[in-house]
Amino acid sequence: MSGTFLGMPGGFPANAAVAVQDSQLRYNLRKATHTIRGKRVKAVEELPDWMELRAAGKAIKDHTLRHLDRYLLQMEEAVTRAGGTVHWARDAAEANRIVTDLVKATGEREVVKVKSMATQEIGLNEHLAAEGITAYETDLAELIVQLGEDFPSHFLVPAIHRNRSEIREIFLGKMAEWGRPAPPDLTDDPPALADAARLHLRERFLASKVAVSGGNFMIAETGTLVVLESEGNGRMCLTLPETLISVVGIEKLLPTWRDLEVFLQLLPRSSTAERMNPYTSTWTGSAEGQDFHLVLLDNGRTGVLADEVGRQALRCIRCSACLNVCPVYERTGGHAYGSVYPGPIGAILTPLLRGFDTELDASLPYASSLCGACFDACPVAIDIPEVLVDLRAKVPHGRVERAGMKVAGWVLNNEVRLAKAQRLATRFRKLVPKRLPGPLSAWTDTRDLPDIPEESFRDWWERTRRSERSGRPRNEGGRGVSEER
Amino acid sequence: MDTGAMGAREEILGRIRAAVKGAPDVEIPRDYRTSVTVADPVGLFAERLDDYRAIVHVVPAADVDAKVAELTEGKRMVVPGERAWTRDELAAADGVVTGCAIAIAETGTIVLDTRQGERAQTLLPDYHLCLVRADQIVGGVPDAVARLDPARPLTWISGPSATSDIELNRVEGVHGPRTLEVIIST
Ligand code: SF4
């Protein structure tokens, strides 16, 4: 796995504790998640056949995963036939080496990039930098993150933790180091900031010879790659350079061209809550004479596939709907998850991909109240609570869990005490323990926040106790804090 | 392909086969609308485009030429197919005028398939004027997917380029054309 996040100390609770004390972050996250959440419900309700699309999307993905070997071979053949070259990468190191060699073969020292979680997962930019190749991120948010030298915190709005004045500071301070400087009279007006990014990157797009992308979907039948985006930087990267290298997880495959009719409805509406995102590009092999390379990435995915409960996580289309409805994510932000995959999906995908070796990864399955809102929101019906519960059973940290439960029980079983604790925590933080020990400390740190409906706590507690008693995970179609229904 | 790469391919395929061994196959239910019928495709398409803050004109076929002339007056427009354009010329032009391969009423989407011009030609100019014939407008996404040829590079356009990356404020126009204007000819 990537070294990108290895600097992250402590487990999820420790990271969360830091994050929830950052009021700017909390404000931005609340605003962002609530805005998207409300819009998404509208975009989804507009379609009379949403549930049928969701059922089809889930089944198409499951079917593909069942026959992944066959479809990958079909993809390889179709891409090759259309003039592209296919590479296979077992892990991050292999993928990084393939991409580096391809870039070096062009003689170039710079590449432009369009936002890709797969390349973040493998730490490609860092690897390229070590090899003397500069990777320029071109998404506005990724640009902000790259110039600000920090980590993305959300799939879709990776700079959600930055406000406009911080962005202005970053542009003024850093753009010149990377290329065309920001205009000195730059204001913090969003259109002005966007315009500065347009000018800064336009030069780069026109000069770049090599681009690196990910892909939202690959069509086995035709060998077609599909990239959805909003800003047009994707079109720039996919179209202008002479060489295009796409690094795509093996689970992104769809069997037929027709299957896109399902996912081009599910993804935009679930993610940005739009009827359709501004731009979708599709291409097959070498398009308009471009030299095209597809790197098929495993990096732990076949391990996830072998997990009978966890394999459903590979259906994920990275829409981020589960992040936006998650009460834990809303308070902690993406960084606490210590991975490029934050939020509910990250809480299952990260340990599934890389195991429980670190304290952080072992604590991730606890970064949830099991309220079920993520499952309801997921366009491919991934039962995240089910996987969380299954993972908790697999974490070799039974004692931590029991300590956490005990503490949570003490607070949650007594509403009077809870109310008191909430008030105390607000006014006399010092008088109560700063952080409760164990995996649930993230909750205790945020209990002074007024807008978690109490029901969700009780719900959660009841479910947890019930499942403890019966030894079975809750799975009665979660209702939770989501105010959408 | 070197042997290391060959090794990776076989190893990944082997891991997959071991992982899914014995897993049941899955039927794909297609109970969603596999074709979408809308009462007034032109009206709905125009309304949806307007939601994206594209500029829309619905014009009788006979008046299209005059409308194009009016909208492009005094502008240096790229007309794909007319001649070759360098990238600098494209970037410096005021706009580009194209047709489309197909349009989708329900989502307000226009699809280009490079028969209207190379992809760079519809990307670098800051203004895109797109002509859509009423009979090119289909109801929904499935209708469009069925009619498009994936062998051609496709660009699906739904409104001008946009970002919500700064505090979730929608800003029109980052890298693509900042203005999208559509003439629907009836
Ligand atoms: S798990 Fe589901 S809701 Fe979450 S990002 Fe993936 S597809 Fe979207």
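So, helices H8(A) and H9(A) are roughly perpendicular to each other. In this predicted model, H8 (residues 140–147) and H9 (residues 164–178) of chain A pack at an angle of about 75°, with 9 Å between their axes. Who makes the contact? From H8(A) we have A:Leu140, A:Leu143, A:Ile144, A:Gln146 and A:Leu147, and they meet A:Ile167, A:Ile170, A:Phe171, A:Lys174, A:Met175 and A:Trp178 of H9(A). Sorted by type, that gives 9 nonpolar residues, 1 polar and 1 charged.

Keep an eye on A:Trp178, please. Over all chains the structure holds 3 aromatic pairs, and one of them joins A:Tyr136 to A:Trp178: ring centres 5.9 Å apart, planes at 75°, so edge-to-face. A:Tyr136 sits in strand S3 (residues 134–137) of chain A and A:Trp178 in helix H9 of chain A, 42 residues apart, so the pair links distant parts of the chain. A:Tyr136 is buried at 8% relative accessible area, while A:Trp178, at 23%, counts as partly exposed.

Another edge-to-face pair is A:Trp283 with A:Phe292, with centres 5.8 Å apart and planes at 90°. Here A:Trp283 is buried at 1%, and A:Phe292 is buried at 0%.

Now over to chain B, friends. Here we find an open sheet of 5 strands, paired in parallel, in the order S1-S11-S6-S3-S2. Its edge strands are S1 (55–59) and S2 (77–78), each pairing on one side only. S2(B) is joined to the parallel strand S3 (residues 95–98) of chain B by 2 bridges, and B:Met77 has B:Gly95 as its bridge partner. Finally, helix H2 (residues 41–51) of chain B lies across S1, S6 (127–133) and S11 (179–185), running at about 170° to S11(B).

Technical notes: Residues numbered from 1 in each chain as written. Chains lettered and ligands numbered in written order. Predicted model: local features only at pLDDT ≥ 70, side-chain atom pairs only at ≥ 80, totals over all residues. Heavy atoms only, no water. Axes fitted to C-alpha atoms, helices over the stretch in contact; angles between N-to-C directions. Helix = DSSP H or I, 4+ residues; strand = E, 2+ residues; numbered from the N terminus. Parallel < 35°, antiparallel > 145°, perpendicular 65-115°, else oblique. Contact = heavy atoms within 4.5 Å. Nonpolar A, V, L, I, M, F, W, Y, C, P; charged D, E, K, R; others polar. Pairing = 2+ DSSP bridges. Phe/Tyr/Trp six-rings, centres within 6.5 Å; stacked < 30°, edge-to-face > 60°. Buried < 20%, exposed > 50% of the residue type's maximum accessible area, 1.4 Å probe, protein only.
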